[in-house]
Amino acid sequence: MLFVGDDWAEDHHDVEIQDESGRRLAVRRLPEGADGIGRLHELIGEHLGESDDPGQVVVGIETDRGLWVQALLAAGYQVYGLNPKQVARFKERYVTSGAKSDAADAHALADMVRTERHQLRAMAGDSAQAEAIKVIARAHQTLIWERTRHLLRLRVALREFFPAALDAYTPLGLTGADTLQLLARAPDPVRAARLTGGQITAALKHARRRDVAAKAEQVKTALRTSHLAQPEALSAAYAATVQAIAAVLITLNEQITRLQAQVDTHFHQHPDADIYLSQPGIGDVNGPRILAEFGDDPDRYASAKARKNYAGSSPITRASGRSRIVLARYVRNDRLADALHSQALSALTGSAGARAYYDKQRTRGASHNSALRQLSNRLVGILHGCLKTGTRYDEAHAWPQHTGQVRLVTA
């Protein structure tokens with residue numbers, strides 16, 4: 001066995017190679033890119049016998065993505081994408097003074113995968129399809145988060161100088177196409193009050209609103225209502241800000257729609273998509289996100305408990321002496337936790353068994369969030385079973401303990 005510690009930077013990699021006894025065989029600084037990975041393969045080849053397998057090479061690196069990592073996996077090495085926090089705690093064994101160097105970090109990484117790999121998780125062998133879904137689903141979710149941030153900035157700006165716009169446009173939604181079109185045309189109280197009924201109606205029709213005439217009259221009335229006003233110079237500055245934010249939101253809306261179409265295309269081409277979509281509460285938005293974060297390596301999760309632990313839906317226990325506390329798990333993949341929370345909430349209306357399970361937790365005294373976490377934990381276990389057996393979700397099989405209760409509810 002060979003153990004490689006790879007301390008990476010944007011333009012280079014410090015690597016150390018050790019044998020099974022921890023003896024240092026080689027130390028190098030390699031450039032990023034094809035030349036660097038080629039030299040790493042040559043360096044490993046010098047210490048690996050011709051008949052040896054690349055799987056005998058174990059690499060520790062503080063990332064799980066990128067071209068360099070993909071090249072390591074393609075070579076057949078065992079790659080451990082280590083959590084920087086874990087590595088920092090491990091390095092404290094060597095140095096307590098706070099001294100640091102890239103070579104020392106590479107040494108610690110090699111030592112860590114040599115001595116602790118039985119307690120670490122090797123990188124999953126997810127398919128290119130799953131990796132593509134992860135890239136596009138994360139990009140889509142990130143743009144939605146960015147839209148929310150800009151929405152809040154827009155709302156603050158309007159509240160400071162143009163409260164009539166909040167009264168007029170909040171019922172339509174501040175990120176609606178008609179709202180943004182009208183704000184771009186009339187971003188201040190004076191110009192907004194001059195908007196004609198025809199201009200407002202045209203914007204509402206473009207956004208495909210219903211009951212256009214009534215909504216147009218409500219918007220027109222709200223924009224012409226008297227409010228406190230800022231000085232002219234300050235109002236002009238705020239108006240320019242509102243126009244800029246509106247332009248960004250218009251672009252974000254367009255790109256979110258475009259990326260959603262890409263997410264749908266990639267997701268529906270995946271062989272597990274049908275199983276995911278059969279689960280209660282999973283649709284075309286949170287389905288790709290859950291698949292992306294779980295991955296599709298069939299050997300990644302040894303059991304349903306392992307999948308639940310990774311999802312962060314299972315609780316943790318802190319026990320010491322006579323004290324024993326069960327807590328929610330907050331160190332987790334936030335993107336996955338967000339999608340699973342959405343699934344659990346939607347499952348309350350999409351599955352009688354899920355609803356009965358949630359109600360049971362509530363009658364035991366659990367809060368709404370606690371009951372949702374427990375339901376989410378149960379749904380992750382059901383998903384794990386479906387993926388392992390390659391079967392679609394079945395309500396009666398998933399909730400056998402609630403079958404009688406479900407019949408009474410539906411009756």
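Colleague: Buried means under 20% relative accessible area, exposed over 50%, and partly exposed anything in between (1.4 Å probe, protein chains only). So what does Arg39 count as?

Modeller: Arg39 counts as partly exposed, because its relative accessibility is 37%. Before we go on, this is a predicted model: local features need pLDDT of at least 70, side-chain atom pairs count only at pLDDT 80 or more, and totals for chains, interfaces and linings use all residues. Residues are numbered from 1 along each chain as its sequence is written, and side-chain values use heavy atoms, with hydrogens and water left out.

Colleague: Fine. What does Arg39 form a salt bridge with?

Modeller: With Asp35. Their closest N and O atoms are 3.4 Å apart. A salt bridge here is a side-chain nitrogen of Lys or Arg within 4 Å of a carboxyl oxygen of Asp or Glu.

Colleague: And how are Arg39 and Asp35 placed in helix α1?

Modeller: They are four residues apart in α1 (residues 34-47), so about one helical turn separates them. Helices (H or I, at least four residues) and strands (E, at least two) are DSSP runs, numbered from the N terminus. Asp35 is partly exposed too, at 48% relative accessible area.

Colleague: How many salt bridges does the structure hold?

Modeller: It holds 18. Another one joins Glu92 and Arg89, with the closest N and O atoms 3.9 Å apart. Glu92 is partly exposed at 45% relative accessibility. Arg89 reaches 51%, so it counts as exposed.

Colleague: What about Asp178 and Arg209, what do their side chains meet in?

Modeller: They meet in a salt bridge too, at 2.6 Å from N to O. Asp178 sits in helix α7, while Arg209 is in the loop between α9 (197-206) and α10 (212-223), so the pair ties together parts 31 residues apart in sequence. Asp178 is buried, with 0% relative accessibility. Arg209 is partly exposed, at 25%.

Colleague: Which residues do salt bridges that share partners join into one network?

Modeller: Asp14, Arg29, Lys91, Lys100, Asp102 and Asp105.

Colleague: New topic: helices. At what angle do α7 and α11 pack?

Modeller: At about 150°, with the axes of α7 (residues 177-185) and α11 9 Å apart. Axes are lines fitted to C-alpha atoms, for helices over the stretch in contact, and angles run from 0 to 180 degrees between N-to-C directions. The two helices are therefore roughly antiparallel. Angles over 145 degrees get that name; under 35 is roughly parallel, 65 to 115 roughly perpendicular, and the rest oblique.

Colleague: Is the crossing of α7 and α11 left-handed or right-handed?

Modeller: Left-handed. The contact takes in Leu180, Leu183 and Ala184 of α7, and on α11 Val242, Gln243, Ala246, Leu249, Ile250 and Asn253. Contact means heavy atoms within 4.5 Å. As for handedness, a crossing is left-handed if the near helix is turned anticlockwise from the far one by less than a right angle, and right-handed if clockwise.

Colleague: Let's zoom in on Ala246. Buried or exposed?

Modeller: Buried, at 0% relative accessible area. Apart from neighbours within four places in sequence, Ala246 is in contact with Leu180 and Leu183.

Colleague: At what angle do α5 and α11 pack?

Modeller: At about 160°, and the axes of α5 (residues 128-161) and α11 (residues 232-268) are 9 Å apart. They are therefore roughly antiparallel. Their crossing is left-handed.

Colleague: And α13, how many of its residues are buried?

Modeller: Nine of its nine. What covers them includes α5, α11, α12 (273-278), α14, α15 (334-350) and α17 (368-389). Next after α13 is Gly295, with a positive phi near 75°.

Colleague: Where does Asp297 lie?

Modeller: In the loop between α13 (286-294) and α14 (304-311). Asp297 is buried yet has no salt bridge.

Colleague: Which side chain of opposite charge is nearest to Asp297?

Modeller: Arg300, 6.6 Å away. Lys and Arg count as positive, Asp and Glu as negative; His and the chain ends are not counted. Leaving out neighbours within four places in sequence, Asp297 is in contact with Ala124, Gly125 and Asp126.
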